[in-house]
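Visitor: I would like a close look at a single part of this model. Start with the whole, then take me in.

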Amino acid sequence: MPPATSSAADPLDPRGLLARLIAIDSVNPDLAADGAGESAIAGFCGEWLAARGFEVHRLDKRGGRPSVVAIARGAGGGRSLMLNGHLDTVGVAGYDGDPFDPEIRDGRMYGRGSFDMKGGLAAMMIAAVRATAGGPLRGDVLLACVADEEHGSTGTEEVLESFTADAAIVTEPSHLEVTLAHKGFAWFDVVIEGRAAHGSRPDLGVDAIAKAGHFLVALEELGTRLAQGPAHPLLGTGTVHASVIAGGQEPSTYPAHCRITLERRTVPGENADTVEAELTAVLDRLAAAVPGFRYRLTRGLHREPFQADPEARIVRTLTRHAEAVLGRPPVVRGEPFWTDAALLDRAGIPCLLFGADGEGAHAAREWADLASLDRLTGILTGTITDFCS
């Protein structure tokens, strides 16, 4: 299959659609107080797909944070495929230039969200329309244009309450490489407890910050042990780091508490339960060895790691079409960050990640490679047609 071509006059040009998506402010308001949210872009995507014959469902359980599921119903007897892409972007504070004015230069389109991930969103929308233009396939094609991936992933969670499919593709940017695994994460708060007293009364006070120092050293040692342990073939090892620390009130008082927020990045085989047991063991050892060491451990947000079956039909189908377009077998990779693919996998939907090339996710200058956008659209079109026929 040759790579798809584009022109400004083509109504199914992924470049033109990407430019229109970039121009819509969809900054996640959970990340930036002035973020516009997903209402405008969800409305645009829903109208654009409805005008092309898709059955459109708007989901908005949170109120003002909508997702859209658009369906091209199949004729029957075929496999269904969901393509998932998020509508929201990170904030634009400090962005270099106008983040909502798409600019094309040297084969790249610049603008907030161009790479992460409005390029993937445009490609999957165009591909679904192209694949169904000649009439319905046997299986349903679902486009899940979801809210809030950049913060809490409530959009995909809401979609999965009402919709499913035989397989899914998340079009997060992957540089046209087949992504079959990514890390998870678990956040914990550790409160080291001291005893407040006047700074002149060491006989009464217990310095929670000093006690916390013992834990920080032990946390660094844990990170070293993880790095030297068994490695996942695509993801390497899990990691841990202290993210935020707060304690004390004033120079003349022994601090009664010191709070440390930490993040543990997990690989398949690890989860919030195993991490909690790991941290508890570290803290219990300190409590036994350090006089006056007392702690409280609280679990925060956590997401599971993801690992696809390389022999799954959707993986083999997309890989075959990618090889045809690229002229070589695609690179297989894992990602250190978390995505909605883990939610789809947990819901029993075999999936993988595959998206455009570019750079600048969450950075001051962001761009998508336009040639890769064309290739991505062609690969997705072939995959949809093949898988759902």
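Visitor: Among contacts in the chain between residues at least 6 apart in sequence, what percentage joins residues at least 24 apart? Then where do helices α3 and α9 meet, and which residues are involved?

Guide: First, a caution: this is a predicted model. Now the contacts. Of those between residues at least 6 apart in sequence, 79% join residues at least 24 apart. The chain has 389 residues, and 52% of them are buried. Nine helices and 19 strands make up its list of elements. Its C-alpha trace spans about 85 × 45 × 40 Å along the principal axes.

Now the part you asked for. Two packed helices are described by the angle between their axes and the distance between the axes. Helix α3 covers residues 114–132, and helix α9 covers residues 370–388. Their axes come within 8 Å. They cross at roughly 45 degrees. That angle makes α3 oblique to α9. The crossing of α3 past α9 is right-handed.

Go to the side of α3. Its contact residues are Gly 119, Gly 120, Ala 123, Met 124, Ile 126, Ala 127, Ala 128, Arg 130 and Ala 131. On α9 they meet Leu 373, Leu 376, Thr 377, Leu 380, Thr 381, Ile 384 and Thr 385. By class, the contact of α3 with α9 holds ten nonpolar residues, five polar ones and one charged.

The peptide bond from Asp 116 to Met 117 is cis. Its omega is near -10 degrees. Most residues other than glycine have a negative phi, and most peptide bonds are trans. That bond deserves a check in your viewer.

Look at the loop between β7 (167–170) and β8 (178–182), where His 175 sits. His 175 is not a glycine, yet its phi is positive, about 60 degrees. Leu 176 is in the loop between β7 and β8 as well. Leu 176 also is not a glycine and has a positive phi of about 60 degrees.

Leu 176 has a relative accessible area of 7%, so it counts as buried. The cut-off for buried is under 20%.

To return to the helix pair: α3 and α9 cross at roughly 45 degrees, and ten of the residues in their contact are nonpolar.

Methods: Residues are numbered from 1 along each chain as its sequence is written. This is a predicted model: local features need pLDDT of at least 70, side-chain atom pairs count only at pLDDT 80 or more; totals for chains, interfaces and linings use all residues. Side-chain values use heavy atoms; hydrogens and water are left out. Axes are lines fitted to C-alpha atoms, for helices over the stretch in contact, and angles run from 0 to 180 degrees between N-to-C directions. Helices (H or I, at least four residues) and strands (E, at least two) are DSSP runs, numbered from the N terminus. Angles under 35 degrees count as roughly parallel, over 145 as roughly antiparallel, 65 to 115 as roughly perpendicular and the rest as oblique. A crossing is left-handed if the near helix is turned anticlockwise from the far one by less than a right angle, and right-handed if clockwise. Contact means heavy atoms within 4.5 Å. Ala, Val, Leu, Ile, Met, Phe, Trp, Tyr, Cys and Pro count as nonpolar, Asp, Glu, Lys and Arg as charged, and the others, Gly among them, as polar. Buried means under 20% relative accessible area, exposed over 50%, partly exposed in between (1.4 Å probe, protein chains only).
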